[in-house]
Every structure is written in structure tokens, then in C-alpha cells.
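Subject: Structure handover

Hello,

Here is the structure I promised to pass on. Please open it and keep it in view while you read my notes below.

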Amino acid sequence: MRKSETFEFTPVDEFDPARDDDARNGWAAEPTVGELQLEERSSLRRVAGLSTELTDITEVEYRQLRLERVVLVGVWTEGTAAQADASMSELAALAETAGSQVLDGLIQRRDKPDPATYIGSGKADELRTVVLDTGADTVICDGELTPAQLNALEKVVKVKVIDRTALILDIFAQHATSREGKAQVSLAQMEYMLPRLRGWGESMSRQAGGRAGGAGGGVGTRGPGETKIETDRRRIRERMAKLRREIKEMKTARDTKRSRRTSSGIPQVAIVGYTNAGKSSLMNALTGAGILVQDALFATLDPTTRRAALDDGREVVFTDTVGFVRHLPTQLVEAFRSTLEEVSGADLLLHIVDGSDAMPEGQIKAVREVVTDVLREQRDAGARRDGQAYTPPPELLVVNKIDAVEPADLAHLRALLPGAVFVSARTGAGLTDLRDRLAEILGGLDVEVSVLLPYDRGDLLSRIHADGRIISSEHEESGTRIRARVPHSLAGPLAEFAHAGTALQD
């Protein structure tokens, strides 16, 4: 069975009520940090018709060249035809996010990918014909290819071939802005490239031995000599070791900040979800953070933390995390481990789902698989460290983009996900219900205390006002008698001031 389709995508403009009001009033609004980042990202455009001919480059350098005119190819091994089409549409969106122009897409029905060329010799010849007809210079495969498959398919189609993993790594490399994010992406790229490093032309087989080789290579390169590919592999391993050390140091700083937020007693809410589900838009709507919002996959890589107040006055810390995707490369999961740990330290997971997606159930499954792996590692680490059982945070499912969903489909989603909250970060619909649910869930994480605070413990009284909710308060001769609901982290310091015969209650 063979399918051939051309994929086209039209970007959707984001609506910003604040800027719209300013425009009507004749005032120029100050651009947010996210708008400045979006303007900078949009200003980087590839100039068609330009190319760089390199006669002596490594495979890593070759693979980091920008994508151009591409043909997509996928192997349909399981699931329905609609699921296969959805996977190819997602691959097309990934390719366009990376800066490519998608010309055509082919799907082949097979029991399993061909071990030699991924799609079989006959289909590879057919793919070569499509490449010639369309003028494509790159083929993107919807799966992770082995080094042998990559090499064999390139020899047949005679253009650059990359797989889904390399494509996602390319997008991450373009969108990383922080020092930690760039280091994590570099490490993931090198882990992916190392087993795939091979000769380009004859340049990688040159040897440098004897005195000439020893003069510039240093220890380990003298004697009979090593090939250029061996030198590159050694240098990549050295660079990877250095990056791991740097990420470990940055992880220590991130852990310190996270422990400081945790000790403050303010509830921590981690926003997780599929890429382009609207996590950043929803965080902007809840907190006014002004972070980058773009109709593109993996627009957000660096986690952003903002504090906001709910309608009952309770303060909450929201953290926007990197999005997930089906078949997320294991190299990225490992490299972004310190970033994903924001999930394990949260009091609540706000799981955002794109309601306008053709298959939201697949999105939910993909996200939960990655989150489960992260939480399982955190549980095992906690058991090894202090022997205490780790309790995973509860999850609140939020279906976003309901303004782009047909009424019949929306009714189906409500029946499919009865406990979810349905919102539109674009129009503001359902945000009040979401805030009420957040207050209800986070309120259930508190405990009720009845204490008599001495007047010289104003610090604890301030923390009760900031992090808890006061039910009643009376001033007495020896101090302030307070009945309140406070987080577990604050209940401990208040225990010594509990009324005689009154215990802390859940």
C-alpha cells in the first residue's frame, strides 16, 4: 500500500487582548520578553538558492547544516490509516518548524522497517524518483534509523537523509537560549551522532603518524597514527564528558532554587503537555508572564517559573516545562533530566491537551509515558537516599483550544475526559473554572491548625497570611489565637504553638 500527499500548514495569529486595547487607544504597548524572542526568532530566515560546498567536514558538521527542500517518508507498521496520516502530518510540522519546505510525503505499509534501507530496495528506488521529480535535497524518515540504514538509504537516493530524532535535535538546537539549554542540546546531539560518525569522502581515512603525528596530536596519537574519524570520536567523547560536568554543576544550582521554593510553602504547579498544546499561552493567561508564544513545535525549551495569586488570595508558583512528543528521543530525555525534575518536585501537574488535535488520546498517552519514567526514577532515588516512599503529584487534565473545536467533537471530548477542565487560553473561556479547580485541589493539600502565636513571632504570622488561609483570628494577652489552613511545610514549624490538647488536623 502506498500513499503520497503534500502537506501544507497555515500559521495562526495569536490574539493578545492587552495589545489590542492599547492599539485602539493609540498607545504603543511595551513588548514582552516573549514577543522580543519571537521577533528575533522570526528574523532568522533561510535564503533560498545559497549553498556551502565543504570539501573536508566531519559527519557532525554535515548533520548540523540547515534543512532545505524535503520529502517525507514513513513506514506504517501498526495502528489505523488515520494514525499513520497523523504521524506524517506531525513530521511535516516538525520539518517546517526546523526551517524546511515540505514537498511530498510517502507512506509504506510494512510489518516492520526493512533492516537494510528502512523502506526496502524497491521503495528506495521509487523514493529516488520522487526526489528527482520534486528537486528535493533532503529526505526525512519518520523513525530512528540505524547508522547502516542511514548510510544505505543515502547511497540509493543520493541526497541527505535524516531521521525523526535528528530532526527534533535540530529544532532544539535552534530554540535553545539559556546556557543550560544549549549544553543539554549539545550533549544530546553528540550522543546521537557518535555511533553515526563516518567518513565523508576520503577525508576521514587520513592518518598522521610518526614524528609529524606526534608533534600536534599529543599523548595517544603518536606511533602508527589514528584516522581522522578516530580523532573526531575521541574529541567528541572529551567534549561530552565536559558537558556532563557543566550540566551537573548547573543542576546543583537548579536544585538549590527548587528547594528554596519548596521550603517557602507556596504550592508548586508544573505545566506539562504535548508540544504546541498551548502551555505557554495558558501560563501567560494565568500569570501574565509574557513568555514566548509561537505556533510551532518545541517553541519553549527553557523552563519558566512565575508566581501568581488565585481568586482566594492563595499564591501559587507555576512552572512552564518543555513539551513532549511521540517517540521523544531518549538522548533528549537524558540530557534534559535536570529540567524534567521540575515535574517530580511539583505539588500538582497541570496536564495540557490540545483539544483541536485529531487524536488527543495519543498526546495524553505520550506525555504520561515520559512523566511516568521521570517520576519512577525520582521514586527510586528517594528510596535509595532516605528509604522514604515517594508520592507522585496529582494530575489535573486541562483541554485547551476549545475555541478551535467543533461542538460535536467537543461533546465527545467531554464524555471521553469527564474529569478534565475545558479552556481556551486564546479567548479566556473556562479560565475561571480552571482557577476554581486549582484552588479546590491545592486547598486539599493543606492542613487545618489552631495555634496561639506569641507577639514576637510575627514571621510565622506573615507566612500564614502569605501561604495559608485564615479561618478566624483573635488577639489575646499572650499572643494571637489563629485557626487557619496552611501547607504541610508550614504546619511543622507551627506545631509547637498548637493549643493544649489540640492536634493538627488533615
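Start at Val-371, which sits in helix H14. This is a predicted model, so please read every value below as computed. Is Val-371 buried or exposed? Its relative accessibility is 9%, so Val-371 counts as buried. Which residues does Val-371 touch, leaving aside those up to four places away in sequence? They are Phe-324, Val-343 and Leu-349. Now find Leu-340. Val-371 and Leu-340 are 31 residues apart in sequence, yet their C-alpha atoms are 8.3 Å apart in space.

Stay with helix H14 for a moment. Arg-368 also belongs to this helix, which covers residues 360–386. The side chain of Arg-368 meets that of Glu-395 in a salt bridge, 2.6 Å from N to O. This pair links distant parts of the chain, because Glu-395 lies in strand S12 (residues 395–400), 27 residues away. Both ends are partly exposed: Arg-368 has a relative accessible area of 37%, and Glu-395 has 35%.

Next, the other salt bridges. How many does the structure hold? There are 12.

Look at Arg-164 and Asp-142. Their side chains form a salt bridge at 2.8 Å, N to O. Arg-164 is in helix H7 (residues 164–175), and Asp-142 is in the loop between strand S4 (138–141) and helix H6 (147–157). The pair therefore ties together parts that are 22 residues apart in sequence. Arg-164 is buried, at 3% relative accessible area. Asp-142 is buried too, at 14%. Glu-90 joins in: Glu-90, Asp-142 and Arg-164 are linked in a network of salt bridges.

Arg-307 and Glu-315 make another salt bridge, with their closest N and O atoms 3.2 Å apart. Glu-315 counts as partly exposed, at 24% relative accessibility.

Take strand S4. Thr-138 and Ile-140 point one way from S4, while Val-139 and Cys-141 point the other way. Which of these four are buried? All of them are.

S4 has strands to pair with. Strand S2 (residues 69–76) runs parallel to S4, and 4 bridges join the two. Within this pairing, Val-73 has Cys-141 as its bridge partner in S4. Strand S5 (residues 160–163) also runs parallel to S4, again with 4 bridges. There, Thr-138 has Lys-160 as its bridge partner in S5.

Helix H6 comes next. Its buried residues include Gln-149, Leu-150, Leu-153, Glu-154 and Val-157. Why do they fall on the same side of H6? They cover an arc of only 125° around the axis, which puts them there. Just after H6, Lys-158 takes a positive phi of about 60°.

There is also an open sheet of 3 strands. What is the strand order? It is S14-S16-S15, with antiparallel pairing. Strand S14 (446–453) and strand S15 (469–475) stand at the edges. Each has a single partner strand, so one side of each is left without a neighbour in the sheet. From one strand to the next, the twist averages 15°. S14 and strand S16 (residues 480–487) run antiparallel and are joined by 8 bridges.

Last stop: Thr-287. It lies in helix H11 (residues 279–287). Which backbone oxygen does the side chain of Thr-287 reach? It is the one of Met-283, at 2.7 Å. Thr-287 also touches Arg-306, Ala-308 and Phe-318, again leaving aside residues up to four places away in sequence.

Best wishes

Key. Residues numbered from 1 in each chain as written. Predicted model: local features only at pLDDT ≥ 70, side-chain atom pairs only at ≥ 80, totals over all residues. Heavy atoms only, no water. Polar contact = N/O pair within 3.5 Å; in protein donor to acceptor, adjacent residues only side chain to side chain. Contact = heavy atoms within 4.5 Å. Salt bridge = Lys/Arg side-chain N within 4 Å of Asp/Glu carboxyl O. Buried < 20%, exposed > 50% of the residue type's maximum accessible area, 1.4 Å probe, protein only. Pairing = 2+ DSSP bridges. Axes fitted to C-alpha atoms, helices over the stretch in contact; angles between N-to-C directions. Arc of directions from axis to C-beta.
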